[in-house]
Amino acid sequence: MGRRGRRAQLAVLLVIGALALAACGMRGAGAGGGGDAAGGENFTIKFSHVVAPATPKGQAAEKFKELVEQRSGGRITVEVYPNSELYGDKDELQALQSNSVQVLAPASAKFTTIAPALQVLDLPFLFNSVEDIPKVASPDSAVGKAIYENEALAANNIKVMGLWDNGLKQLSSNTEMRTPESLAGLSFRIQPSDVLRTQFEKWGASATPMAFSEVYNALQQGVVSGQENPYSNIESQNMHTVQSHITESNHGYVGYVLVINNEFFQSLPPDLQTVVQESADEASAYNREVAAKLNADARTTIEQAGTTTITDLTPEERQAFKDRVVPSVWEQYADIIGPELVNDLLAQQNSQ
């Protein structure tokens with residue numbers, strides 16, 4: 001082959017090499033590290049949570065996965081990791097901020113250190129019934145704005161996409177609990193929240209922050225006397241098998257703040273941002289539909305197990321628990337949550 005032929009061959013090889021490198025670069029783009037047949041970017045969302053798949057949060061997470069993957073036409077893959085399989089209570093928020101996971105739905109109490117105002121959802125007796133939740137915590141309400149427009153979360157690269165319910169909390173222990181005095185000397189596992197700690201202290205009990213995955217063993221071994229959770233969490237973790245008494249107090253709310261790493265969200269093309277947010281909205285509506293049913297079913301399962309006596313408080317008995325903590329606990333944390341918000345909520349309570 002002559003010199004001119006070798007030069008032509010070299011030029012062709014260089015062009016082929018450049019095209020191959022460009023193709024590799026395209027395939028490597030995006031969080032998912034892949035490209036579809038049309039040459040667009042693919043993305044992977046890792047969604048970590050700490051509860052069982054059958055719970056309201058677990059089912060809503062699967063619904064979110066289904067909707068995102070369907071609406072994105074396969075451009076987004078959602079990997080759901082339940083039961084603390086990937087990250088537990090102690091490190092999931094750090095994982096979110098570092099983009100090791102992209103989506104979480106932690107209980108509002110988990111945000112205490114970075115967004116103290118979210119402790120508004122920990123206030124005891126904030127809701128009288130599950131029917132009150134959508135109204136009191138809607139995005140345009142005072143409570144909703146403290147969540148959806150929270151500047152501290154935004155400053156920590158966290159975007160709020162929704163609020164998921166798990167219903168109202170019940171008390172469990174190995175002691176019958178009909179009055180606040182029944183709790184004197186008992187110790188209860190709580191999520192890491194000063195509001196929750198103070199709540200139990202007002203009832204004469206002590207409180208120990210503990211990861212959700214550790215609660216069953218702590219109850220079984222007597223490390224703590226009891227805990228507070230909705231029925232679906234109690235039943236799905238078999239807590240009732242090591243607790244002889246549950247009091248249906250409906251004293252507190254377990255709300256999960258559905259969040260996404262904001263830098264990751266902003267890296268998505270606009271059409272996929274819309275897909276993710278609309279899927280979050282629909283999954284949030286779905287969550288609310290299933291939460292009430294799952295909690296009712298869980299209570300039935302607990303009753304049928306025969307290991308636990310469930311005490312239904314009379315209105316007067318529930319009011320005795322409430323009087324110990326409202327308004328005293330609300331007022332104690334007004335400066336942290338926001339005085340204007342707490343005053344507004346107290347005014348709503350007084351008008352009922």
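Predicted model: local features only at pLDDT ≥ 70, side-chain atom pairs only at ≥ 80, totals over all residues.
**Exercise 1.** Determine where S279 sits, whether S279 is buried or exposed, and which residues distant in sequence S279 contacts.

Solution. 
- Step 1: Locate the residue. S279 belongs to helix α11, which spans residues 270–305.
- Step 2: Apply the cut-off. Buried means under 20% relative accessible area. S279 has 0% relative accessibility, so S279 counts as buried.
- Step 3: List the contacts. With neighbours within four places in sequence set aside, S279 touches F64, L67, V68 and R71.

**Exercise 2.** Describe the largest pocket by volume, by the residues closest to its centre, and by the elements and residue classes of its lining.

Solution. 
- Step 1: Find the centre. The lining holds 18 residues, and V130, G167, L168, A292 and N295 are the closest to the centre of this pocket.
- Step 2: Assign the lining to elements. At least two lining residues come from each of α4 (133–136), β5 (158–168) and α11. Helix α11 gives the largest share, 6 residues.
- Step 3: Sort by class. The lining of the largest pocket comprises 8 nonpolar, 6 polar and 4 charged residues.

**Exercise 3.** Carry out the corresponding description for the second largest pocket.

Solution. 
- Step 1: Take the volume. The second largest pocket has about 240 Å³.
- Step 2: Find the centre. This pocket is lined by 14 residues, of which D89, K90, D91, K110 and P192 lie closest to its centre.
- Step 3: Assign the lining to elements. Helix α3 (residues 92–97) supplies the largest share of the lining of the second largest pocket, 3 residues.
- Step 4: Sort by class. Of the residues lining the second largest pocket, 6 are nonpolar, 3 polar and 5 charged.

**Exercise 4.** State how many cavities of 30 Å³ or more the whole structure contains, and characterise the largest cavity.

Solution. 
- Step 1: Count. A search of the whole structure gives 1 cavity of 30 Å³ or more.
- Step 2: Take the volume. The largest cavity has a volume of about 60 Å³.
- Step 3: Name the lining. The residues around the largest cavity are V50, V51, K57, D89, A107, K110, R189, Q191, F212, N229, N233 and Y256.
- Step 4: Sort by class. The lining of the largest cavity has 5 nonpolar, 3 polar and 4 charged residues.
- Step 5: Compare linings. D89 and K110 line the largest cavity, and D89 and K110 are also among the residues closest to the centre of the second largest pocket.

Key:
Residues numbered from 1 in each chain as written. Heavy atoms only, no water. Helix = DSSP H or I, 4+ residues; strand = E, 2+ residues; numbered from the N terminus. Buried < 20%, exposed > 50% of the residue type's maximum accessible area, 1.4 Å probe, protein only. Contact = heavy atoms within 4.5 Å. 1 Å grid on protein atoms, 1.4 Å probe; cavity = no way out; pocket = protein on both sides within 12 Å on 5 of 7 lines; lining within 4 Å. Points joined across faces, edges and corners; volume = space filled by probe spheres on them. Nonpolar A, V, L, I, M, F, W, Y, C, P; charged D, E, K, R; others polar.
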